Amino acid sequence: MKIASASLAAQMKPQVRLNITAAIERFGLVIALIILFALFGILLPDTFLSWGNISGMLGSQAVLAIVALALIVPLTSNDFDMSIANVLVLASVIVAVMNAQMGLSLWLAVPAALLMGLVVGLLNGFFITYFRIHSLIVTIATGTFVSGLATWLSGSQTISGVDFALMDYVIVKRLFGVPLVFYYAILLALVLWYVFEHTAMGRRMLFVGRGREVSRLSGINADRVRWGALIVSGLLGSIAGILYCGTQGAADPSSGASFQLPAFAAAFLGSTAIQPGRFNAWGTIVAVYFLVIGITGLMFMGLSSFVQSLFYGGALLVAVVLSQWVRGRAEQQF
């Protein structure tokens, strides 16, 4: 009996070690976030741990979280969307120009911005799937074109004076002391999580991302799935732009660069957590706030703003390496 028990225990040990390793892999970024938060809390208890700073971090970076969530949709089907930050900027400029300069209602300006994001997504999908051009090239081109449109519409000037109602429902109104824009990001993460995990569309996107030819042979219309993912990305990018306009009460045509690199860093870093090896919504949210906590803490310690570029650039490099490692160093097929 003792021999049998010892044998069973020996068989269980590798399984226990495997479960522990898998748990560390899944929640390693969450643990790192908690450690980083505790570290800066100990070093800077009066400033970093103040509720004003915490609610500020949650609210002010929610737009970045939405951009990163939008990115993981085409990334799941193995396409880049490099135009998303410029779509964000153009959407905010459209709202500001129509509302603040032309005097039109937000009920007209907001749908116009959403329509723009939809059209950019449609064009990206069309050029990528019909002409078989790499998504990186197409979306850089459309993003540059969209950036030019934003500069032209705004006259290269920051446009202020947007209806306060937009700010009211984005950054002014709060729930538990946190701006509503944070909850919009969480709601979007919940929707994407449900789509990825519990719908046939989510499974098809993952299947297409893992192997386009195999998915085609399995009867999946891979082009339609990729096109749909790019349309969703464009639409979510325009939503992020509308909310960004709401957080600022203005539109700055040169602000797109501040979202592109952090959003990609968060998307790839997020793919190493919660569901390692897959772009996933909750991992992306954790990654965004891991980066935000790190940068905020370092800046509170007196480091200059250059630390932001260092942190985001370094995080993106580490995230891509970790993502590739989690995938078993399989060759990317972007």
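Which residues in α4 meet which residues in α5? Let's take a look.

## About the model

This is a predicted model, with local features needing pLDDT of at least 70 and side-chain atom pairs counting only at pLDDT 80 or more, while totals for chains, interfaces and linings use all residues. Residues are numbered from 1 along each chain as its sequence is written, and side-chain values use heavy atoms, leaving out hydrogens and water.

## Where α4 meets α5

Helices here are DSSP runs (H or I, at least four residues), numbered from the N terminus. On the α4 side, V87, L90, A91, I94, V95, M98 and N99 make contact with L106, L108, A109, V110, A112, A113, M116, G117 and V120 of α5; contact means heavy atoms within 4.5 Å.

The axes of α4 (residues 84-101) and α5 come within 9 Å and cross at roughly 155°. Axes are lines fitted to C-alpha atoms, for helices over the stretch in contact, and angles run from 0 to 180 degrees between N-to-C directions. The two helices are therefore roughly antiparallel to each other (angles over 145 degrees).

## Salt bridges at D79

A salt bridge is a side-chain nitrogen of Lys or Arg within 4 Å of a carboxyl oxygen of Asp or Glu, and the structure holds 7 of them. R226 pairs with D79, their closest N and O atoms being 2.8 Å apart. R226 lies in helix α11 and D79 in the loop between α3 and α4, so this pair ties together parts 147 residues apart in sequence.

D79 counts as buried, at 1% relative accessibility (buried means under 20% relative accessible area, with a 1.4 Å probe and protein chains only). R226 is buried too, at 5%.

Terms used
Angles under 35 degrees count as roughly parallel, over 145 as roughly antiparallel, 65 to 115 as roughly perpendicular and the rest as oblique. Buried means under 20% relative accessible area, exposed over 50%, partly exposed in between (1.4 Å probe, protein chains only).
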